[in-house]
Amino acid sequence: MLITGVTGYVGRELASWLLDKEVSFRGASRNPLAAEKIFNDPKIECVHFDFHDPSTHAPAFKGVKSMFLTCPSSVNEYKPVEQALKTAKRCGVSRIVFLSVLGCEKMPFLPHRELEKLIVQMGFNYTFLRASSYMQELLKTPLKKIKEYRQLSLPAGEAQISFVDSRDVGQAAFSMLLGKSYSKDAYKITGKEALTFYKVADILSKELGVDIQYMNPSKHDFINEAHLCGYSKSYVEKLANYYITAKNGVSKRISLDAEKILQREPIGMKEFVRDYRIAFL
Ligand SMILES: NC(=O)c1ccc[n+]([C@@H]2O[C@H](COP(=O)([O-])OP(=O)(O)OC[C@H]3O[C@@H](n4cnc5c(N)ncnc54)[C@H](OP(=O)(O)O)[C@@H]3O)[C@@H](O)[C@H]2O)c1
């Protein structure tokens, strides 16, 4: 079994579940030594893998039957992943759990819908895990302004989003990879409620005991602010487009799929903020 994106929020959680259940697997990373240090467990073999470097694909897929596929935000179009999928097919990979995006059919600036179609066309036994926006995104681009100015600054206006904790996404991915009943289907992995960022700012304020205000910057201002914090322009542009598209209601859908798969309620925003309290202050 191969886990791509093993060092990401979802990949790490999935890896922890596998290790906890004594499952041996291969983890793919651009920096396998650093990845091995994170887990420090002989049950995981980390290999060098970069979607942009085709010479790393076949060695990573050798002997692999099942793969957890993540298309990282640094990959801006589907072509490098398509190339990897062709190699995977040649190497005998037959089953793919693909981490996709809720509403990707309405988001042509993301490669996920194209990749879903390709995976079906290429005849893999697939499961699509269409995740809503991770609560953990609050720990990325918005974090600096939350900490320094007590402002939550994202260009989403009144958009409602069914935020999901990436720990729940990782656990759902674990069930999908090991369960036999999830073939050839797509699952919407969402939180239990859809919230605006005004409401998220309220929850942050109450749980952290400080006053945090939601700011609704223009797309242009958001991209410049986030770029100054070190994020690449292409990444923050995609993020801005995601939040702007969310205003159409595409990201507010709530599904019971997560609850059925996890056999418990998904983690809520309050619980998430309590768990990550130190990171926000
Ligand atoms: N963020 C969200 O709210 C959200 C919501 C729904 C779905 N998704 C989807 O979930 C996926 C993961 O998103 P994310 O924001 O959690 O993480 P991410 O920053 O997009 O990437 C996570 C992983 O990708 C690996 N990676 C980066 N560039 C790579 C490359 N060129 N080749 C191979 N691996 C590479 C990184 O591993 P190394 O550094 O170890 O190589 C890291 O483990 C994306 O497809 C995203 O669209 C995200």
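Predicted model: local features only at pLDDT ≥ 70, side-chain atom pairs only at ≥ 80, totals over all residues.
Colleague: What makes the protein as compact as a globular protein of its length?

Modeller: The protein has 13 helices and nine strands; helices (H or I, at least four residues) and strands (E, at least two) are DSSP runs, numbered from the N terminus. Its radius of gyration, taken over C-alpha atoms, is 19 Å, close to the 19 Å that the globule rule gives for 281 residues, so the protein is as compact as a globular protein of that length. The globule rule is 2.2 Å times the number of residues to the power 0.38.

Colleague: Why is Phe 280 called partly exposed?

Modeller: A residue is buried if 20 or more other C-beta atoms, placed from the backbone, lie within 10 Å of its own, exposed if 12 or fewer, and partly exposed in between. Phe 280 has 17 other C-beta atoms within 10 Å, and is therefore partly exposed. Phe 280 is found in helix α13 (residues 277-280).

Colleague: What does Phe 280 touch, not counting residues up to four places away in sequence?

Modeller: Phe 280 touches Ile 146, Lys 147, Leu 204, Leu 208 and Val 273; a contact requires C-beta atoms, placed from the backbone, within 7 Å.

Colleague: How do you know what span to expect of helix α7?

Modeller: The expected span is 1.5 Å times one less than the number of residues. Helix α7 (residues 166-178) has 13 residues and reaches 18 Å from its first C-alpha to its last, close to the 18 Å expected.

Colleague: Why is α7 described as mostly covered?

Modeller: In α7, 12 of its 13 residues are buried, among them Arg 167, Asp 168 and Phe 174. What covers these buried residues includes α1 (9-20), β4 (66-70) and β8 (185-189).

Colleague: Which residues come nearest to the ligand?

Modeller: Of the 26 residues around the ligand, Gly 8, Ser 29, Arg 30, Pro 72 and Ser 73 come nearest; to be near, a residue must have its C-beta atom, placed from the backbone, within 6 Å. Helix α1 gives the most to this shell, with three residues.

Note on methods
Residues numbered from 1 in each chain as written. Contact = placed C-beta atoms within 7 Å.
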